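Me: I would like to go through this entry term by term. For each label, tell me what it rests on.

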Amino acid sequence: MQTEMKISFIGGGNMAAALIGGLAGRLAAGANIHVVDINADALARLAQRFGVSSAHAIDAQVAASDVIVLAVKPQQMREVAAQLAPHLGKQLVLSIAAGIRGADLSRWLGGHGAIVRTMPNTPALVGRGITGMAALPGVSSEQRNAADAILKAVGDTVWLDDETLIDPVTAVSGSGPAYVFYFIEAMQQAASEMGLSAEQGRRLAIATFTGAAELAAQSDEPVSVLRERVTSKGGTTYAALTSMDASGVKEAIVKAMHAAAARGRELGEEFGKD
Ligand SMILES: NC(=O)C1=CN([C@@H]2O[C@H](COP(=O)(O)OP(=O)(O)OC[C@H]3O[C@@H](n4cnc5c(N)ncnc54)[C@H](O)[C@@H]3O)[C@@H](O)[C@H]2O)C=CC1
Ligand SMILES: O=C(O)[C@@H]1CCC=N1
C-alpha cells in the first residue's frame, strides 16, 4: 500500500477500531489515519491505542483525504453523507455499512460516483479479516486498487460483480465472527459443565476452532471429508453429530444466515427511502 495515503474514518466504533488497529501497524505510525466521531470517549480510545488524529466533526483533514471510510451505523449514514457531501471532490468513499445501497449513498453524497461498498469483519484487528467488496461504476481502476490495498492490509478481499451479493456476504463473513464466538461460548459452557476449568475450556475450544479452520484452509479436500475423518462409526463424534442433527443445528444455522441477509436487504429499504 502507498504509505502516504491519507485515510479518514467517519465513525470510530467497533468495526472502525478493528480496521484502524489492523491498518495502524502497517502505515507509518498511524500518522495518516484520521477519525471523526461525535463520541469523545471513542476518539480518546482510538487516539490512545493507535495514535491517530481525531475530530468531533467533519473537518479540513477529511476533505484532504484520499480515502474516506464511512463507518457509522446504517441508521446514521444518510445524515453523515449530507454532512460530508460539501467536502467531496475526488476522494474515494468506502462504505462498510450493512444494507445501505450504493445508489442511495451516491444520491445522499450529491451524486458522488467514486464509492466502493465493502463488508469487512472484526478479525481485521488481528490482520485476519475478510472483506466483500463491490465498486460502483464511477470508481477508477486506481481507486479500486487503493480500496483493495486498504482491506488487504487487514486480511483478504473478495470482489463481487453484483452489489446485491453484499447482503449474502454480510450473512456469511460480516456477521460470521459472532456465530463462531457463539459456538465457542457453547463449547466453553459444556467444558465447564463437564469439569474442566474456565481456562482449560477456553484454550481447548479456541485452539480447536483455529486448528480446524487452518486445516480446512490448507486442505484440498471438502470440509465434509475432513468432518468424516473425525467421525468414527459408533464413536464419540458420531454421538455428538447425531445429537446435533436431531436438534436441527445445521438447519438452524442456515436459517439464521438467511435471516441476516434478509435484514441487510431490509436495512437498505428502510434507510434508503427518499
Ligand atoms: N461490528 C461489526 O462486526 C461490523 C460492522 N459493520 C458496519 O460498520 C458500521 C459501524 O458498526 P459498528 O462499528 O459495529 O458500530 P458502533 O456503534 O460501534 O460505531 C459507530 C460509531 O459511529 C459514531 N457516530 C454516530 N453518529 C455519528 C456522526 N454523525 N458522525 C460521526 N460519528 C458518528 C458513534 O459514536 C460510534 O462510535 C455499521 O454500518 C455496520 O453495519 C460492518 C461489518 C462488521
Ligand atoms: O450486525 C450488524 O448489523 C453488523 C454488520 C455485520 C456485522 N455487524
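**Labels and their cut-offs**

Reply: His56 sits in the loop between strand E3 (53–55) and helix H3 (60–63). Helices (H or I, at least four residues) and strands (E, at least two) are DSSP runs, numbered from the N terminus. This is a predicted model, in which local features need pLDDT of at least 70 and side-chain atom pairs count only at pLDDT 80 or more, while totals for chains, interfaces and linings use all residues. Residues are numbered from 1 along each chain as its sequence is written, and chains are lettered from A and ligands numbered from 1 in the order in which they are written.

Me: Why does His56 count as exposed?

Reply: His56 has 11 C-beta neighbours inside 10 Å, so it counts as exposed. Its C-alpha atom is separated by 7.4 Å from that of Asn39, 17 residues apart along the chain. Of the 274 residues of the protein, 34% count as buried.

Me: Which residues come nearest to ligand 1?

Reply: Gly11, Gly13, Asn39, Ala97 and Ala98 do, of the 27 residues around ligand 1. A residue is near a molecule if its C-beta atom, placed from the backbone, lies within 6 Å of it. H1 gives the largest share of this shell, three residues.

Me: What makes up the shell around ligand 1 by residue class?

Reply: It divides into 15 nonpolar, nine polar and three charged residues. Ala, Val, Leu, Ile, Met, Phe, Trp, Tyr, Cys and Pro count as nonpolar, Asp, Glu, Lys and Arg as charged, and the others, Gly among them, as polar.

Me: What surrounds ligand 2?

Reply: Ala98, Thr170, Gly174 and Ser175 surround ligand 2. This shell has one nonpolar, three polar and no charged residues.

Me: Into which domains is the protein divided?

Reply: Domain 1 covers 7–167 and domain 2 covers 176–265, with bounds from an automatic or database domain assignment. Their contact takes six residues from domain 1 and five residues from domain 2, where two residues are in contact if their C-beta atoms, placed from the backbone, lie within 7 Å. The centres of the two domains, taken over C-alpha atoms, are 32 Å apart.

Methods:
A residue is buried if 20 or more other C-beta atoms lie within 10 Å of its own, exposed if 12 or fewer, and partly exposed in between; C-beta atoms are placed from the backbone.
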